[in-house]
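Colleague: I'd like to go through this one with you, word by word. Could you show it to me and then tell me what stands behind each term?

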Amino acid sequence: MILQGQTRFEFGEEPRWSPVLGEILDRVSRIQPSAYSRTRNYMDGAVTQLSPYLSRGVISTRLVAESLVARGFSWQVCESLFKELAWRDYFQRVWQHQGNAINNDLRQPQEGVRHHQVPASLIGGATGIEAVDTAIGELYRTGYMHNHVRMYTAALACNIGGSHWLEPARWMYHHLLDGDWASNALSWQWVAGAFSTRKYYANQENINKYCYTKQRGTFLDTDYEDLVGMEVPTALEETIKPELKTSLPGDWLTENQTLRSLLTENPDRPVLLYHFYNLDPEWLSGLADKDPLRVLLWEPSFMRQYPVSEGVINWVKALSDQIPGVLWVSSSFDDVFGAEDFHRLHFREHPTTFHYRGHVHPREWLFPEVDAFFPSFSAYWKRCESKAVKMFL
């Protein structure tokens, strides 16, 4: 049976993420970079599980990096983790400088595209590849999928099943609590060869090794050279385009008229504009004595372009509840704010807020001075590596 419906994230299911900042920071303080480096590709590896907070802007890559430095680890121990943090910033820089171009094949056209849908068995968790199917079930239940299995899933859809990367990337993003469109879309493009020099493949032996499965006789149980250009397996032949949409509970929303009244009645109060990628409860804490209005703006155009599941919305709600007095508003920026408001509006820079007006604040980048588009991560890392090493001196 194909599962197309929206799924609810239950906080009682594992893995569990607390929305409380103190507990998040405690998780940061317990990272073991050496274990991470050795085991991160295994399903039970010592991954940080910080991505649901990093993607929502609750904490930054810079904060994680500085925590590791402060704990006295060496550069050699932290190098692997630093590179993974840099990958996240790199994808954000690409989005920042390329904008909506990341929604298309960015480096070169994806080769071998047969359709622009999603294998039905992928959505149903019935590909026949045990590790992938189990991970899809976990994605629906918890909003989480191990990064290595995300690569396996993308390789199945694009490089074995012939899907163009965009629709399956949208499907996965829809359910991920840590759904960062830049990291998600560009990772799918990287696997599919549209943002890399070659496609990524994994055979059954590789999957068994890192997922602790013992499958034999699957369509992936072959040598790598046989995977390239193989016929689409029967399990991946049926395709569909899933219906993806965002639904906001009405009782969570503040009416535009109410917000306009608050703005009119409080002309001296600054307005802090939060968004899907900035839910930091301590953002601009220096303005607390001015009793700012805090608004989480959900623009309908954003929700249509980047739809997310009910589980993701519940997660965002749990995080935003940590922001004192925040108001959820569903409206376009221009429909709720006018030129008379711009002088007191504050927002954090992000590709989804380029059309905002007011005081724009930078994000906490790992390497803020490396601000440009690089066509590959290796080119970006060449500019960053020496700066990372200096942090440990």
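Modeller: Let's start with a group of charged residues: Arg260, Glu340, Asp341 and Arg344 are linked in a network of salt bridges. This is a predicted model, so local features need pLDDT of at least 70 and side-chain atom pairs 80 or more, while totals for chains, interfaces and linings use all residues. Residues are numbered from 1 along each chain as its sequence is written, and side-chain values use heavy atoms, with hydrogens and water left out.

Colleague: What makes the contact of Asp321 and Lys317 a salt bridge?

Modeller: The term asks for a side-chain nitrogen of Lys or Arg within 4 Å of a carboxyl oxygen of Asp or Glu. Between Asp321 and Lys317 the N to O distance is 2.9 Å, so the pair meets the rule. Asp26 and Arg30 also form one, at 2.9 Å from N to O. By this rule the count comes to twelve salt bridges.

Colleague: Why is Lys317 called buried, and why is Asp321 called partly exposed?

Modeller: Buried means under 20% relative accessible area, exposed over 50%, and partly exposed in between (1.4 Å probe, protein chains only). Lys317 has 18%, so it counts as buried. Asp321 has 48% and therefore counts as partly exposed. Asp26 is partly exposed too, because its value is 38%.

Colleague: How do you know that Glu349 and Arg363 link distant parts of the chain?

Modeller: First, the pair itself: their closest N and O atoms are 3.0 Å apart, in a salt bridge. Glu349 sits in the loop between β6 and β7 (359–361), while Arg363 sits in the loop between β7 and α17 (377–390), 14 residues apart. Both Glu349 and Arg363 are buried. The element names come from DSSP runs, numbered from the N terminus: helices (H or I) have at least four residues, strands (E) at least two.

Colleague: What makes β3 and β4 a pair of strands?

Modeller: Two strands pair if DSSP finds at least two bridges between them. β3 (residues 271–274) and β4 (residues 293–298) have four bridges and run parallel, with Leu272 opposite Arg294 in β4. β3 is also joined to β6 (residues 345–348) by three bridges, again parallel. There, Val271 stands opposite Leu345 and Leu273 opposite Phe347. β6 in turn is joined to β7 by three bridges, in parallel, and the partner of Arg348 in β7 is His361.

Colleague: Which way do the residues of β3 point?

Modeller: Val271 and Leu273 point one way, Leu272 and Tyr274 the other, and all are buried. In β6, Leu345 and Phe347 point one way and His346 and Arg348 the other, and all are buried as well.

Colleague: And why is Gly193 called buried?

Modeller: Gly193 lies in the loop between α10 (181–192) and α11. Its relative accessibility is 12%, so it counts as buried. Its C-alpha atom is separated from that of Asp291, 98 residues apart along the chain, by 50 Å.

Colleague: Last one: why does Asp223 count as partly exposed?

Modeller: Asp223 is found in the loop between α11 (204–211) and α12 (224–227). Its relative accessibility is 46%, so the label is partly exposed.
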